[in-house]
Amino acid sequence: MVFKKKAGAPAATDRAVPQHIAIIMDGNGRWAQKRGLPRTAGHAAGGETFRTIARYCNSIGVKYFTVYAFSTENWKRPAEEVKAIMSLFNRYLREAIEIMEKEGISLRVFGDLAPIDPELRELVGRVNLISDHVEGMQASLCINYGGRDEIVRAAREFARRCAEGEADPDSLTEENFNSYLYTDGVPDPELIIRPGGEKRTSNFLMWQSAYSEYYFTDVLWPDFTGEVIEEAIADFNRRQRRFGGVV
Ligand code: IPE
Ligand code: IPE
Ligand code: MG
C-alpha cells in the first residue's frame with residue numbers, strides 16, 4: 001500500500017515533537033476478549049495499529065519510533081499464542097521489505113534473536129540491509145527484548161573485551177556504555193507511552209528511560225490512534241523536565 005508521507009498529519013502547531021517516542025504496545029489480548037475473539041486476533045489488530053502509528057509518527061517528524069512487541073518474559077505464554085505472534089513478525093518483516101524504501105521508514109529489530117526461528121532471523125538480516133540506505137524515521141521493533149537482559153549482555157561483552165585486552169575497565173563511561181546496547185547510536189526516548197491501563201515498565205528500555213517522560217492511557221493498543229499520540233505529545237509539552245537541576 002502506498003502511503004502519502006503527510007497524510008493525516010495535523011496542521012503545524014507550536015508543539016515540540018519528541019525526536020524519539022517509544023511505546024509499550026499493550027492490551028491486544030483484552031481488546032480481543034472484549035469482542036469474544038481469540039487473543040491472537042488482538043495481536044493481528046495490534047500489528048495493523050503498529051503500522052498506522054509508525055506512519056503517523058513519521059508524518060509529524062518523529063526521528064525514532066521504538067515499540068515493545070515481545071518481551072523476554074512473553075515466552076511464558078501458551079505456545080500457540082507465541083507461534084501466532086512470531087508468524088505476525090514474519091509477515092510484517094516481509095511486507096516491510098517491499099514498502100520501507102517507498103515510505104522512507106527504516107526498520108531495526110532490538111533483542112536477542114538467537115532463540116527465534118532462523119527464517120525470521122534471515123528476514124531481519126534482509127530488513128537491516130535495506131535499512132542501511134533508507135533515510136527517514138527509524139522504527140525499531142523490540143522482539144525477545146528485556147531491559148535487564150540488554151544490560152547484562154552489555155556487561156558481559158565489555159568484560160570479554162577487557163579479558164582479551166581490547167578494553168580497559170576504567171574507560172567505561174555512561175556515554176560509551178550505550179555502544180554495547182541494542183540502541184547504539186539512538187538517542188534516549190524523551191517520551192514513553194503505555195496504552196492498556198497498566199502503570200509499569202515491564203522491563204522496557206531500563207537504561208535508556210532514566211529521564212524519559214511516561215504517558216499512560218487506558219486505550220487498548222488496537223484502538224490506539226494518532227489522536228492519542230497527539231494527547232501524549234500535548235501532555236509532554238506541558239511538563240517541566242529538570243534532569244535533577246532547578247529551573
Ligand atoms: C501486548 O498485548 C502484546 C504482547 C505482550 C505480545 P497483550 O497480549 O499483553 O494484551 P493484554 O495485556 O493481555 O490485554
Ligand atoms: C509488556 O506487556 C510487553 C509487551 C508489550 C511486548 P506484557 O503484557 O507482557 O506486560 P505485563 O505482563 O502486564 O507486565
Ligand atoms: Mg499485556
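**Note on the pockets, cavities and ligands**

1. α3 gives the most to the lining of the largest cavity, with six residues. Helices (H or I, at least four residues) and strands (E, at least two) are DSSP runs, numbered from the N terminus. A cavity is a set of points, on a 1 Å grid over the protein atoms alone, where a 1.4 Å probe fits but cannot get out. Lining residues have an atom within 4 Å of a point.

2. Some ground rules. This is a predicted model, in which local features need pLDDT of at least 70, side-chain atom pairs count only at pLDDT 80 or more, and totals for chains, interfaces and linings use all residues. Residues are numbered from 1 along each chain as its sequence is written, chains are lettered from A and ligands numbered from 1 in the order in which they are written, and side-chain values use heavy atoms, with hydrogens and water left out.

3. How many cavities of 30 Å³ or more does a search of the whole structure find? The search finds two. The largest cavity has a volume of about 190 Å³. A volume is the space filled by probe spheres set on the grid points, which are joined across faces, edges and corners.

4. The largest cavity has 14 lining residues. Nearest its centre lie Phe 50, Arg 51, Ala 96, Ile 99 and Ile 105. At least two lining residues come from each of α2, α3 (79-103) and β3 (105-110). By class, the lining has nine nonpolar, one polar and four charged residues. Here Ala, Val, Leu, Ile, Met, Phe, Trp, Tyr, Cys and Pro count as nonpolar, Asp, Glu, Lys and Arg as charged, and the others, Gly among them, as polar.

5. Now the open spaces. A pocket is an open set of grid points with protein on both sides within 12 Å along at least five of seven lines. The largest pocket has a volume of about 600 Å³. Its lining counts 28 residues, and Met 25, Tyr 68, Ala 69, Asn 74 and Arg 77 are the closest to its centre. Two or more lining residues come from each of α1, α2, β2 and α3. The largest share, five residues, is from α2. The lining of the largest pocket divides into 12 nonpolar, nine polar and seven charged residues.

6. Where does ligand 1 sit? Ligand 1 is in the largest pocket; a molecule sits in a pocket or cavity if more than half of its atoms lie within 2 Å of its grid points. Around ligand 1 are Met 25, Asp 26, Gly 27, Asn 28, Gly 29, Arg 30, Arg 39, His 43, Ala 69, Asn 74, Arg 77 and Ile 85. A residue is near a molecule if one of its heavy atoms lies within 4 Å of it. α1 gives the most to this shell, with three residues. The shell around ligand 1 has three nonpolar, five polar and four charged residues.

7. Next, the polar contacts of ligand 1 (pairs of N or O atoms within 3.5 Å). Arg 77 places a polar side-chain atom 2.7 Å from an oxygen atom of ligand 1. Polar backbone atoms take part too: one of Gly 29 is 2.9 Å from a ligand 1 oxygen, and one of Gly 27 is 3.4 Å from a ligand 1 oxygen. Ligand 1 taken alone exposes 380 Å², and the protein buries 87% of that. Accessible areas come from the Shrake-Rupley method with a 1.4 Å probe.

8. Ligand 2 also sits in the largest pocket.

9. Which residue has a polar side-chain atom 3.3 Å from an oxygen atom of ligand 2? That residue is Arg 194. Asp 26 has a polar side-chain atom 3.2 Å from a ligand 2 oxygen. An N or O atom in the side chain of Arg 77 is 3.2 Å from an oxygen atom of ligand 2. On its own, ligand 2 has 390 Å² of accessible area, of which the protein covers 78%.

10. Last, the second largest pocket. About 190 Å³ of space lies there. Its lining is Glu 174, Glu 175, Asn 178, Val 186, Pro 187, Asp 188, Trp 207 and Ala 210. Four of these are nonpolar, one is polar and three are charged.

Methods:
Polar contact = N/O pair within 3.5 Å; in protein donor to acceptor, adjacent residues only side chain to side chain.
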